[in-house]
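Work through the exercises below with the model open. Try each task before reading its solution.

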Amino acid sequence: MFTTTQEASTRPLVNASHSVLAYPAFLAGHRTVQEAMEDGYINTYLRTFLTTTGKSLASMDLSDDIEETIVQLLNCLTNPDEGDSLSRLCRDGASKLQAFVIPTLLDRLERGKDISSLAFLLAAYGHYLQAGVDDKGQDYLVDEPQLTDGDWAMLNEGDVLSVLAISPLAPAHLRSFPKFVAPYKSYRNQIACYGLAFSLKQTLCAFWEEEAELHKGAMA
């Protein structure tokens, strides 16, 4: 897929894409990467995320070739032989999100950029931690070695915002950003009440509306 040099440069992008894919797809009832990539909405969400955040996730060495890098990554994930387990990609999500997603979220919040796809990802992750059952009614076990007993006690109280205070994510102080908290809570409620697919459609609509406004402003 990539040369040794490219692998080092794209590692943040690859790791982030795995988390972006894993939680929505797993909650939708998929269990392999190939199955998830065959879901049109999941596939579109991953493409949207990589397109909007790819340049900030990849190293500067790849900034000029980010579109080609994204195409290569998506081709790898859509490979018919790609049968990787989503449960493996879901494992230790707190550490992965802390390292590869939260910095991008904080950067976009600081710059006033759209964060709907990131709020949706954190909402999906939060539901994954606290629900224990997917959209198809299948129970699952969560493997999060970095979470403490105190973290689990807090999560078990049921407050959707408690996810933002677990040990690996707490330093980001995400609760202090109203622009993030509002869509995060909205997506959590949507996923709990209507399922992952409905909420995913909502976040894609939010992104497309934002892009349309930006395009309109650029043309004015």
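**Exercise 1. Which residues of helix 10 are buried?**

Solution. Start with the list: Phe 180, Val 181, Pro 183, Tyr 184, Tyr 187, Arg 188, Gln 190 and Ile 191 are buried in helix 10. Buried means under 20% relative accessible area, exposed over 50%, and partly exposed in between (1.4 Å probe, protein chains only). An α-helix has 3.6 residues a turn, so residues three or four places apart point the same way.

Next, the span. Helix 10 covers residues 178–194, 17 residues in total. First to last C-alpha is 24 Å, close to the expected 24 Å at 1.5 Å a residue. The expected span is 1.5 Å times one less than the number of residues. Gly 195 follows helix 10 and has a positive phi, near 100°.

A note on the source: this is a predicted model, where local features need pLDDT of at least 70, side-chain atom pairs count only at pLDDT 80 or more, and totals for chains, interfaces and linings use all residues. Residues are numbered from 1 along each chain as its sequence is written, and side-chain values use heavy atoms, with hydrogens and water left out.

**Exercise 2. Describe the fold of the protein chain.**

Solution. Count elements: eleven helices and zero strands. Helices (H or I, at least four residues) and strands (E, at least two) are DSSP runs, numbered from the N terminus. Then take burial: 46% of the 220 residues are buried. Finally, take contacts, meaning heavy atoms within 4.5 Å. Among contacts between residues at least 6 apart in sequence, 68% join residues at least 24 apart.

**Exercise 3. How many aromatic pairs does a search of the whole structure find?**

Solution. The search finds nine. Rings of Phe, Tyr and Trp (its six-membered ring) pair if their centres lie within 6.5 Å; planes under 30 degrees apart are stacked, over 60 edge-to-face, the rest tilted. Take Phe 26 and Tyr 140: their ring centres are 5.2 Å apart and their planes at 85°, so this pair is edge-to-face. Phe 26 lies in helix 1 (residues 4–27), while Tyr 140 lies in the loop between helix 8 (116–131) and helix 9 (149–155), 114 residues apart. Both Phe 26 and Tyr 140 are buried.

Now a tilted case: Tyr 194 and Phe 198, 4.9 Å centre to centre with 50° between the planes. Tyr 194 is exposed because its relative accessibility is 59%. Phe 198, at 35%, is partly exposed.

Return to Phe 26. Ring pairs link Tyr 23, Phe 26, Tyr 125, Tyr 128 and Tyr 140 into a cluster. The charged end of Arg 31 sits over the Phe 26 ring, 3.8 Å from its centre. The test here is NZ of Lys or CZ of Arg within 6 Å of the ring centre and within 35 degrees of the ring normal.

**Exercise 4. Where is Ile 166 found, and is Ile 166 buried or exposed?**

Solution. Locate Ile 166: the loop between helix 9 and helix 10. Ile 166 is buried because its relative accessibility is 0%. Beyond four places in sequence, Ile 166 contacts Ala 94, Tyr 125, Leu 129, Leu 147, Asp 151, Met 154 and Leu 155. Thr 148 is 18 residues from Ile 166 in sequence and 8.4 Å away, C-alpha to C-alpha.
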